[in-house]
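Thanks for coming. I have one structure to go through today, so let me put it up.

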Amino acid sequence: MTDGIKRRDFLKVLGVTGAGATLTGCSEPERLLPYVVAPEEITPGVATWYTTVCDGCSAQCGMWVRTREGRAVKVEGNPNHPVSRGGLCSKGHATLQHLYNPDRFHGPMIREGDRLRQGTWDEAEQQLAAQIGAIGNVMFIGGRVGPSMSNLIDQFVTAIDGTRVQYDAVSDAPLLEAARIAYGEPGLPSYDVGNARLLLSFGNDFIETGSSPVAHNKGLAQMSSVDAAGSKGRFVYLGPRLSTTGLNADEWIPIRPGSEAAVALGMASVIAGDAGAAGPYADVLRSYSPATAAQAAGVSEDAIRELAERFGSDSPTLAMGPSAGGHHRNATAANVAVMILNDVAGNVGRTVHYDANVTAAASAYADMESAVSAMAAGQVGVAMVHGTNPAYSMPAASGFAEAFAQASFKVSFASAMDETAALADLILPDRHFLEAWGDSMPRQGVMALQQPVMQAVPHFDSKQAGDVLLAASAHLGNDLGSATFYEFMRAGHMEMHDASMGDFEVGWRQALREGAVEHEVAATATTQLQAPDVALSFDTPALDQGGDLTLLVHPSPRFGGGEFSNSPWLQELPDPVSKITWHSWLEMNGNTAEQRGIREGDIVTVTSPHGSVDVPVWIYPGIREDAVALAMGGGHTDMGRWANESGVNALGLLPSESEQPSGAMVTLATTVSVTPTGERRRIATIEGSKGDQHDRPIAPAVALADLGHAEEDEEGHGELQELQGVGGFVPVPGDGGAATAFPLEGAQHGPYAESHEIPRWAMAIDLDKCTGCSACVTACQAENNVPWVGEDQIVMGRDMNWVRIERYYEQIDATQAGDLDVRMLPMICQHCGNAPCEPVCPVFATYHTPEGVNAQIYNRCVGTRYCANNCPYKVRVFNWYRYTDENVPDPMNWQWNPDVTVRTNGIMEKCSFCMQRIREVENRAALEDGRGIRDGEIVPACEQSCPAEAIVFGNIRDENSRVSQVVSSERTYRVLDEILNTQPAVHYLKKVTFHEVATGGHE
Amino acid sequence: MSTTGGLLASYEYLDSTVDAIEQLKKAGFKGMKAYSPYPDHHIEHALGYDQSPVRVWTLVGGLTGTATGFAFTTWTSMDWPLVVGGKPIVSIPAYIIIAFELTVLFGALATLIGLFILSRLPDLKPAVVYDPEFTAGRYGVYVEAEGGRLDEARKILNGQEPIELREGEGGADV
Amino acid sequence: MRKHWLIGGLAGVFALAGLAFVQGGGSQGGEGAEGPVESGQPIAFPHNQHAGSEPGQNNMDCQFCHFSAERSVDAGIPSVATCWGCHIAIPGTNNPQEVAKIQGYMERDEPIPWVRIYKISDHAHFPHMRHINAGLECQQCHGEVQEMEVLEKADEWWTPAKELFFGQDPVWGGDNMGWCVECHREPDENGEQQASTDCAVCHY
Amino acid sequence: MSNATKDPIARGALTHPDVTRLDDVNRDVLKILSAPGKGWWALFGLATAGVGLFLTSWGWQIYRGIGASGLNEPVGWGVYITTFVFWVGIAHSGTLISAILFLFRAPWRQSIYRAAEAMTVFAVMTAGLFPLIHVGRIWHAYWLIPYPNSRFLWPNFKSPLVWDVFAITTYFTVSATFFYLGAIPDIAAARDRATGLRKKLYQLISLGWRGSDQQWHHFGKAYIFLAALATPLVLSVHSVVSWDFAVSIVPGWHTTIFAPYFVAGAIYSGVAMVITLVVPLRKIFGLEAYLTTKHFDAMAKLCLLTSMIVFYAYLSEFFMAWYSGEEIERTAFWNRLFGTYWWATWIMLTCNGFLPVMLWFKRVRYSIPALFVISIFVNIGMWFERYVIVVTSLSHEYEPFAWGIYRPSVTEMGIMVGSFAWFGFWFLLFTRLLPPIAIQELKEVLPPPMRKQKEAH
C-alpha cells in the first residue's frame, strides 16, 4: 500500500533467477526481471500447482502446492491422496514458513574454535569424508525419513560400517509394539473411524498425533454427523485430560492416568462374558471386572459396565489405546489391552485393520539411551544427526548434550539452527521438502512421491542430505550406484516395480501428477490374537514421587514435539484447547487451583524429581483435579527468532526413561509439586469470557431426539421488523434458513437493480462436524497475507487472525463420568445483509457488493475503527502498526499471495470470502467464452483446508448449489440474527448432542 | 460663511443627547448621526428607526443551506450508488442532519455578510470628526448643515451643554 | 466529465479540489515515487522498430513478446531466450552493439533488468486478459507504443487536473482512478454501463 | 426615563460602589489588557510546555502508528473519543450562556458571556483535533470532506462521523463568528485607549467600529439572529455527537435517551468549566465588581439543574437495562457498575450525581471556594462519564468470546493532558488580547447618566 514491500514486488522477481531481487521502498526505479529461459508451464500471473507430500510429520499427507512465478505461496490438502483424502492441518500449512525461514543457514557451516564459519559445499563434503575416513566409528542418528532415504542411509552406514539410530520425539512405538505382540503385524493398525458407531479413545489424541490426524479428523466428522436414519455415532473419551480430540467427545470418563489397561480389560471381561472370546488373554480377563476397573480408574462401576455393554452391542465400535501424550510405563500393555477389547467386540477387520501395515517410524528411545551411553563412553568417532533434534527433544536428564560433546566429530544436517546443530562441528544444511525429492509409503501399497515445487530459495545455499551422503560416499570410494538422490530414488522404485503394476513410466508420471499411486497388496493371513512373547503388566504404572499432582506431558497440537516451534503462524495460532498463543501454560483444574489459592495467570514453579520450570497457570475444567498438564514444544534455546525464549520445555521435568517393551520415551512418569512464585502475568489468550456464552444465541445445539420436530426453536421470536426505506416497517424474517432477499427495497439502483442476475455468495458451517482443529485459521492466514503481531500485541488484545475458533463449555465435569458438551464455532466475517459495520463508515471503505459480500476496501480505509466497534461478531481486525513491514523479514515475504493486497498500518481488515479466489474463477470463466461459474469451483482457503469438510461455500441464489442444500437443514441458524436482524450470509448448523440441551434464553 | 460643515457634540448625559436629537429634528435637520457606548433604544427611538433588513439575509441564507443540504447528499448518493447496511441508497432521514447543519451555517454567514454591507463595515478610513470617548462613556450627536442653519444647529447643540463641540468639513462619512 | 465540472462549481471548492488532486495523485504511492524514467533501460530497445508498421519496421504483434496479456492478469515480459530466439539470427542492422548485449545476458544466464514504465498501485488489480478479451487495444491505455523509439508514459502527473478542468481524457491515467472509472461507466449498447464499478472488482 | 428609576439589581446591574460611570467599566476591563504579571507568565509557561507534550506525543503516534495508543479489539475507541466528547461538551455552555440566555434575556449573563464564548471557541478548536488524532491514517483524513475528486467518490452521508464533520465545523464557524461579532465594539473601545502596535492591531480587527446609531441598529438585529441560529445549533451539535454512539448497535450506546442526556451533560460540564475558569480570572484581575456572588449563584443553580437531569439519565439507563430483561443489555450495565471498570463508573456517579447535591444549600452556592472545588470535581466526573460510556460498553459486547480489556497508553495520556494545556494556551492569550468581559453589554445594565437626576439632588 503506501509503503513497505509491495504485492507486486514478486512480479519483479518473476524469474527465480533474479537472486535477491526483492526491492523495498520506491527510491530506485523498479526493475522487471524476466526469465532467462521461460519454463513453459509457468505463466506470470497465473498460478501453477504441483502435487507433493507433506513431510511435516509421520502422517505424510498429500499436498497441493500453489506456486506463482516460481515461488511456493500456498499449500493445500490433496483430495486424491488415498490416506489423507484432502484437508491439511495447521502444521502442514506452516511448513511454508520453514521453507522461507530467515533463520535457515546460508550455506554449509564449519566450526572454527567456538564459532561457525560459512564454507563451500566441496570443502564441507571433503571435510566430512576426511573425518569419516580418519576417525570412523560413525553413528548416524536420524529422524523419520521416506523409504528411499532410509534405504540410502542404511547403505551409506553399512558401507562405512557405522551404526544407525532412529529417533523421533513423538512416536507410536508402543502401539507398533502392541500390534506386534498381539497380532504379530509389523505395522500400525489402521482405523476406520468414520464407520464406528461407538468410538472409545483411551487417551488417544488421534486428530492431533498418530498415523493420520487429518484422515482421522475427517473420519470423526463423518462418524459424528447425523445419517439419513437420524442416528449418529457416539464418541467417548477416557482419560485424565481433554485434548483437542477429547473436546469433541460426547461423553467424558475422566479415568485416572495410567488406568487404561484396567478399564479396557474390565470392559472386555463384560463383553467376553465367560472370557472365552479373548483367546490367549482369557485368563488375563478373568482377573478383571468393571469393579476392578472402576477401582483403578476412580470412576463409578456402573459407568464402566454400561459403557462396556454399549460397546458390545452398538457394533461396529472402535477403541484406541493411549498415544504419545499417554506413554506411561505400561503403555504397550495398555495398547494391547485395548486391542483385546476391540477383538472381543469383534471390531478387527471392520473398524480396525492390522493387515494394512501403516508404516511408522521404528523410533526407539531405548536405542537413543544406548547411543548416549556409547557416545559418553567415547566409543563414537563421527556422530551425524539428521532430521531430529535430540538435544532438545530428549529430557535434560538423558545427558545427551554432554555425551554428544564426547564424539570427536559432530555433523548436523539441520537446515536451520537448532539445539543439536548448535553443538555440531559441521553443518550441512538440508533442503526443505518443498525444494527436494523424496517419497513416502503411508501404508502398504501406497507410494507417494515428493517433488521439488520450486528451485531452492536462493537466499540459502542448501543441498539435499541424500546428495551429500552420495557425494561423501564417492569421496570415500564407496559407490552407491547413483550420483544424485533423485537417480537413487528412481532406481529404487524401478527395482520395487513389477509388471503387475503396469508400465513404470506411466505409474511414475501418475504419481507425480496425482501425488500417489495405490495398488492392492496381497492380504496377509487373517489376524488372530497371539499369546504375548514378552512380559506385560496391565497394572496402573508407578509414578516418580515429586508431589501430589500427576504431570501430563503431551505433544502440542501446534508444535508437535517442538520441531514446528519456529513458525510465527503456529506461535500465533491460538491453541485449540486453551486459546493461548506463544508462551507455555500449566493446565490445572479450577477446584485444585482454588484449594491452593492459585489464580489464572499466577506464575508457579512446577517441580519434579528431575527438574523444575516456572510457568503461568491456566484454569481448565477439562482436566482431572489430581493432574496438571504441560504441552511440548516450548522453551527452545537455539532454534530461531520466534521459538527461542517462548515458553518452557516440558521435557525438563521428565526422567530419561524408556517404556518396556516398546522402548518409547515415557511421557507420563512423574508427579509434581506446584508452588506459586508470587508473580503474575497476563496470559496471551484470545478468549474473553472463560468459555461461557452467557445464554446467547451464538453456538446453540439441538438434541438428537429433537431433530425432526425443532419448530419450538422458532417459537421464541416471531418476525423481526426493520425500518426500510423512508418510513414504513418492512417485515424481515429473522429466524433460521436462507438469508432474505438482497438488496432490500429502496436499495435497488445501478448494479443492485433486480435486472442483474448475479450470484449471491454465502457459506454454511456445520458445527456438528467442526472439531476445532484450527487448520482453517492458518490456511486463511497463509492465503490472505494476514500478518502476525507477536506476544505483546496479543496480550494487548490485538490478534489479527481472520478466523477465530470460539470454544464454549456448556457441560464439562472432571469429577465424574458423564455427558460432555463443548461448542466449537469458527467465527469469521458474517457478511451480513444488514451489516452494522457498513453505514457507519464515513468513506464507504466497507459496503455491500451486488454479490452480497461485505467488502472491505483497504486503500480507502481511513481507520476510524467505527466499523469494528459496531460489529457484533467482532471479526474486524486492525493494523495497529506496520506489521506486514516490520514483522516479516526477507525472504518470508516471498510467501505472500500476489493476488491479495498487503495491508499497511492504520487499516481495518477482515474475511473477504477469499475475494481473490472469486475473481480468479470469474476471470477464468470469462475467458472460457463467458461460461457461468460452476458450483464448488470457488473454494475459500478455509473450506479447502478443513479436514472435517464442515465448511461449504457457494451461490445461495441457486437452490441446487451445495450451500443451498446444506442451508435447507432444520439445524440451520444464524448467529445473533434473531436478536439483531443482521441477516448474515454465513449460516451455521447446530451441533447435535445426545443429551437434552439446556436451552438458555435464546436457544 | 456659507459652506457646508459638520458639527459633532459630545455629551455626558443620555437625556441631553436625546433632547438634542429631538430638537434638531423639530428644527427640521436631516442626516443626523448619534454615537453611544452601547446600543440605546432611546436614541434609536429618537432617530426613528424601523426593522433592520438583516433578517432577510438570514432567511435567504438559511433556506439556501437547507436546499443545498438535501440536494448535495441525494445527488452524491445517486452518483455512485453503494448499499450500506441494507439501507436505501437515498436515506433522507440521515440527510436531514446535513441539511440542518448547512441551514445554520449558511444562515449565519449570510447574516454576517448582511451586517457588514448594511452597516458599512469594515471601514478603516480615519473618521473626520470623532471622539474616542464614544466607546468609553460619552454620547455624541453629529449634524451637517450649511450657512445660517449651521449656527442654528450649533445653538441647539450647545443648548444641551456638550462637553465639547467639534467642527469639521461637511460630507464626512461616519 | 462536464457534470463533475458543474458540481465542482456548485460545491464552490475549486481551490480545495485542485489541492486535493495533487494529493489524490500523490497519496497513492506509485508515480511520484518512481522518479524520472527517460531511457534508463539496460538495452536501448526500440519499440517502433519491432512493432511499428512503417516501411523497414517489423510490425510485430504486441503479444508476440508480451505473451500472457491474453490469458493472464500480467502482460508478461519476454524471456531473454525469446529475444535471443530471433536475434540469434538477426544481428540488428541499426545498432548491433545493443543486440550484442542480449547475447551477454544469455551467456551470463542473467535476466535483463528492464526499468518498469507502466505501473498502477498494488492495491488495484488490473487483469490484462479481461480487458484484451473485452476488445480493448493495448494502445488505448499504453499509447502509440509502436511509434515510440524510447518507451514513455503517454501522460504526465497532472493528468487528473487536465481531465477535470479541461475534460481531456488521458491515454495513461496511472493511479488516477477516475481514468479507470470513466471507461467502466461508458454505456454499452443496452445503455447499461459496460463494466462494473463495484469497488471490490479491482480492490481486494 | 423609566429605566433610570428601575432597581438596578433587577436588571442584573452592579452594586459595587466604584462602578457608577460608564467609563469606569472601560477603566477596569481594559486594565486587564495591560502588561501581564508573574502569575500569568507562570501559567502561560506551563501551558506552552503542555502544548509541547501534546505535539510530541501526537507526533510520535503518527510516526509509530496508532498502535502507540492502548486501543485494541474490541475497544477501538478510548481516551481520544472520550476527550473529544468532553471538549465538545465544554464548548456548549458558552453558546448557551451567550445565545440562549441572551434570547431569554437572563440578566446575569453579561459579565461572564465573553469568557464563556471564548471558552466555547477554544474548546471546539481542541475537540476538533481528536477525530484527527484517533484515526489510523491521518494523512487520509481529508477524505471525510466532500469535494469533487479524481476518484469520483463522495463521503457516506449516512455515517454519523460525516454528520460530525458537518456539525463540528458549523459549530466552530458559527460560534467563532458570534464571538467575534460580539467583541467588535469592545475591540473598538480598546482601540481608543491603546497605543502603538496594539492600536494598529485593534484598528484592524475592530473594522472601524465607531458606535454610530446605524451600526448599533444592524448590530443588534444581526446579534439576535445569530443567537437564534446558535440556539438550535448548540442543541443539535451534542445530539449529533451522541448519535455517534446511539446510532450504533453497541449495548450501552444504542439508546434513544442519548441526545437529550448528552446535551444536558454538555451544559453541565460547560457551566462547571466556566466556574473553574472565571474564579481565578476574577481573583487575578480583581473583577469582584463585575463577577458577583449573584452570578455564581445563578451558575450554580444551572449546574444543579443539569446535574439532576444527568443523574436521572444515569438511573433511567440502569433501570431500562434491568427492565428490558435483555440479557445482553443487563450484562453490559452490570459490568459498568461492578465489572472491570467499576471504579470509573463510581467516580462518575459520585462527582456528577452525589457531590452536586451540596448545591442545594445557599451557603455553598454563595461560597466561591466551595463552587470552585465542586466545579473541578464535576469536570473530572464528566470526563469519566464519557470514558464509562465509550470503554465499558465496547469491552463487553455481544460476542462473549471476544470480550476484552483496554488500558490507556502513556502516549494517549500525554495527548489527553496536553489537550488541556492547548486549551489553556489559547485562553490565556485571549485574556490578554481581547476584553475578557463584555464592556458594552455591561454598560447596558448600568444606570445611564442623566442630567435631570443630578439636578434633582
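I will take one chain by itself and then two of the interfaces.

Please keep in mind that this is a predicted model.

Start with chain C. Chain C has 12 helices and 1 strand. Of the 204 residues in chain C, 43% are buried. The accessible surface of this chain is about 10,500 Å², and carbon and sulfur atoms account for 58% of that. As for contacts inside chain C, take those between residues at least 6 apart in sequence: 57% of them join residues at least 24 apart.

Now the interface of chain B and chain D. Here 73 residues of chain B are in contact with 61 residues of chain D. Together the two chains bury about 6,000 Å², with 66% of the area coming from carbon and sulfur atoms. How many salt bridges are there between chain B and chain D? The count is 0. Polar contacts do turn up, in 9 residue pairs with both partners at pLDDT 80 or more.

Which parts of chain B touch chain D? The elements that each supply at least two residues are α1 (14-26), β2 (33-35), α2 (41-47), α3 (54-79) and α4 (92-118) of chain B. Of these, α4(B) gives the most, with 17 residues. By class, this side of chain B has 42 nonpolar, 17 polar and 14 charged residues.

On to chain D and chain A. This contact takes 55 residues from chain D and 61 residues from chain A. The buried area is about 4,700 Å², and 54% of it lies on carbon and sulfur atoms. Three residues to look at on the chain D side are D:Glu73, D:Arg137 and D:Phe401. They supply 20% of the area that chain D buries against chain A, more than any other three residues.

The interface of chain D and chain A has 3 salt bridges. One pairs the side chains of D:Glu327 and A:Arg696, at 2.9 Å from N to O. Residue pairs in polar contact, both at pLDDT 80 or more, number 36 between chain D and chain A.

On chain D, the elements with at least two residues each on the side touching chain A are α3 (38-64), α6 (160-193), α8 (213-246) and α11 (327-338). That side of chain D divides into 31 nonpolar, 13 polar and 11 charged residues.

That is what I have for today.

Notes
Residues numbered from 1 in each chain as written. Chains lettered and ligands numbered in written order. Predicted model: local features only at pLDDT ≥ 70, side-chain atom pairs only at ≥ 80, totals over all residues. Heavy atoms only, no water. Helix = DSSP H or I, 4+ residues; strand = E, 2+ residues; numbered from the N terminus. Buried < 20%, exposed > 50% of the residue type's maximum accessible area, 1.4 Å probe, protein only. Contact = heavy atoms within 4.5 Å. Areas by Shrake-Rupley, 256 points an atom, 1.4 Å probe, with all protein chains shown as cover. Buried area = accessible area lost by both parts, 1.4 Å probe. Salt bridge = Lys/Arg side-chain N within 4 Å of Asp/Glu carboxyl O. Polar contact = N/O pair within 3.5 Å; in protein donor to acceptor, adjacent residues only side chain to side chain. Nonpolar A, V, L, I, M, F, W, Y, C, P; charged D, E, K, R; others polar.
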